[in-house]
Amino acid sequence: MNPSHDELLQAPLDDLFRAASARRDAATGTRITYSPKVFIPLTLLCRDKCGYCTFAQPPARVQAPYLSPEEVLSIARAGADAGCHEALFTLGERPEERYPVAREWLAERGYATTVDYLVAMCRLVIDETGLLPHGNAGALDAVELARVRAVTASQGMMLESLNPTLAAHLGSPDKTPERRLATLEAAGILAIPFTTGILCGIGESRADRINALVAIAESHARHGHVQEVIVQNFLPKPGTSMHQAPPCPVDEYLWSVAVARLLLPTDIHLQAPPNLSDDFGRLLDAGIDDWGGVSPVTPDHVNPERPWPAIDRLRQATEARGFALAPRLTIYPSFVHAPERWLDAGMGFPVMDHSDAEGLAREPGEVWYSGVEVDPPAIVPAPAHPQAGVGSASEQPAAERQAPRRRRLRAERGHVNRGHVGEILEGVMLGQKPGVDEIVTLFSARGPEVAAVAEVADQMRRDIAGDVVTFVRNRNINYTNVCTFKCKFCAFSKGPLSLNLRGTPYLLEVDEITRRVAEAEELGATEVCLQGGIHPSFDGDYYIDVIKAVREASSTIHIHGFTALEVTEGAKRLNEPLDSYLRRLMAAGLKTLPGTAAEILDDEIRAILCPDKVNTEEWLDAHRTAHSVGLRSNITIMFGSVEQPVHWARHLIRTRDLQEETGGFTEFVPLPFVHMASPIYLQRKSRRGPTFRETLLMHAVGRIAYGPLVPNVQVSWVKIGAAGARQILQSGANDLGGTLMDENISRAAGAAHGQLMDEAGFHEIADPLGRPVEQRTTLYGRAAIPA
Ligand code: SF4
């Protein structure tokens, strides 16, 4: 039952804290967000004269009425270089109506109003830096708001107070309740993701604050547009008319924060600016779930070596209370995921370009992308003193050697048990099988929670697959890049129907295929992996002829080939039932099927990524049929382009269900989307691939979701690189995949990692972990490896 306003006015602070915390926890769990942003004070001039304001200055105190475009860009670029996502334009309200110098400055440059100039500068910042502008221009009318909407991801205006008699607002024509409420309402009608808030301690009463919060909640109920409410405390500042007024008492402020959490619907996030409080922890106790903006670029602090000290402090305070800190964009996830409603068409891609799969921000400053030769952030660092020598593990098993480290990690992460991630991990350790909701929650892990998920996955890897890190000597033969299909992510395919973005079309002669097989065998390969485009001239017999040619070149090499799409198309073009066709492929020498062409096994996403390819059920059915005739195969997932964690969860559950039915999958192979040359990214319709946190979690959560059903989890060094692969080997993976002489598909998409990994390379990855490296067969045996 919601407390009455009278009850709120009288309630003891501790009771309010308990209720507000519980309400916040139920809505946002352990997640506390902040926005890495740069502040652009476009003009310090303002026509209002608020009694508490230190921002506004008279013309005599400023060098120029407005920042020049060069100054705007210089601040924005510094922010972008430091890893910010947001450009927060702060400015006084309509200074041109008070100061002739402002009018003249604008007129000389062809602008009639401050809003005109703001719109131009937002556009400049998007075009030149990609940062997402947030407009904070005060009380605007609907026409002005609509113009700013076209060049921003969100806007904001503090409601402050609806008490019309406050002395602090005398002389401020823009601070009347009518103007503030009209702006809030117009923003709702225009579907603008909107930030507002109240100011505490400027002479208003508790009842006034309740009135303002109720008005915000009512406007939000009509339009759904209020993404966050800031509760800010007044502090007296020298040089203002209220410099002798007392600051807002701490308990009064905390009362207001807790009451805001209790009065506002939980889809409105609650923010308290940490720079105005000494005790961060108390703000968390009072129910906030957001810290607001944090900037690496301020007038008094520009330190390229360590640009985010404020984040370190926030992280400590956040984690000390058992929460996990996550960067967000200026627009919150529920709005990011409904761009047609909430964003101007031109802002959709800039938002997506900064976003992760949850609609939160990519980690500020992370320069790792799938396929880029840059080391990822250290989420699960290697142990400092491995005891195994290169090429061999010490006699003490790695599990025992690393026990002290694990104990320390557990102690550090004890508080992870506080939230849903901790609860689910406990259930997993008791043998529970996570469903879609639990898997989505595991993918939401941040901070210490990520390490906790990785640790449970690592323990399961140890129990299921042991300490050995395996690899297979193989050669990829991509026999053609001509393809009749139009997968939107595919930079590999060429042909009349594809986008022809890179390279020239080719089709290998059968002689060339046999030559490559013989060469691979000479170099010690035990497997060839055959995959290619769907050439318009192929019928199903082409694939059988290729297998026969491979067999002619080698009587023993393992033939791992043909995706669900290739075999389904092959059978279709021959008008032959799939099981009969697969039997003929087997008779010719095919041994296993790769799990590629799975992308995301969810038709909602396939409709975007690969609308003309096999659908989810057809992919599953191809593997079901393959397993029924005795062919084994693996599960892949190509993640990080347009989908969300719920689609990953459905993919894992659908393939797990099939594995329970057939037992035919040998391994799980996550394939992070490489965006650089991918058509869908170049057309500005996808994200930049997964973040490293997401990539690590895909392997760890996959290990946890499949459990013993799928014993092997492979990490793709081609897409992730050696340093990333090492971390993922500590997060559930036990296999490094193949040596992959000639890897064309990832490289076509822009991946920079090499085309060949030798055994020494695998040792370089695994030796620092003290884990032995062994060559395996395709089916994870050891015996068939030639000397
Ligand atoms: S992913 Fe495969 S089927 Fe799709 S266009 Fe590329 S080569 Fe063709």
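Biologist: How many bridges join strand 1 to strand 9?

Modeller: This is a predicted model, in which local features need pLDDT of at least 70 and side-chain atom pairs count only at pLDDT 80 or more, while totals for chains, interfaces and linings use all residues. Residues are numbered from 1 along each chain as its sequence is written, and side-chain values use heavy atoms, with hydrogens and water left out. Strands (E, at least two residues) and helices (H or I, at least four) are DSSP runs numbered from the N terminus, and two strands pair if DSSP finds at least two bridges between them. Strand 1 (residues 31–43) runs parallel to strand 9, and the bridges joining them number four.

Biologist: Which residue of strand 9 stands opposite Thr 33?

Modeller: In a regular strand, side chains alternate between the two faces of the sheet. In strand 9 (residues 324–327), Leu 325 and Pro 327 point one way and Ala 324 and Ala 326 the other, and all are buried, that is, under 20% relative accessible area, where exposed is over 50% and partly exposed in between (1.4 Å probe, protein chains only). The residue opposite Thr 33 is Ala 326.

Biologist: Why is helix 22 described as largely enclosed by the rest of the structure?

Modeller: Ala 564, Leu 565 and Glu 566 are among the buried residues of helix 22. Their cover includes strand 12 (527–530), helix 21 (540–553), helix 23 (578–588), strand 14 (590–593) and helix 25 (616–629). Helix 22 (residues 564–574) is largely enclosed because its buried residues number eight of the 11.

Biologist: What is the relative accessible area of His 627?

Modeller: His 627 belongs to helix 25. Neighbours within four places in sequence aside, His 627 is in contact (heavy atoms within 4.5 Å) with Arg 632, Ser 633, Thr 662, Gly 664 and Phe 665. His 627 is buried, its relative accessible area being 11%.

Biologist: How many charged residues are in the shell around the ligand?

Modeller: Cys 483, Phe 485, Cys 487, Phe 489, Cys 490, Ser 493, Gly 533, Leu 565 and Lys 613 surround the ligand, near meaning a heavy atom within 4 Å. Ala, Val, Leu, Ile, Met, Phe, Trp, Tyr, Cys and Pro count as nonpolar, Asp, Glu, Lys and Arg as charged, and the others, Gly among them, as polar. The shell has six nonpolar and two polar residues, and the number of charged residues is one.
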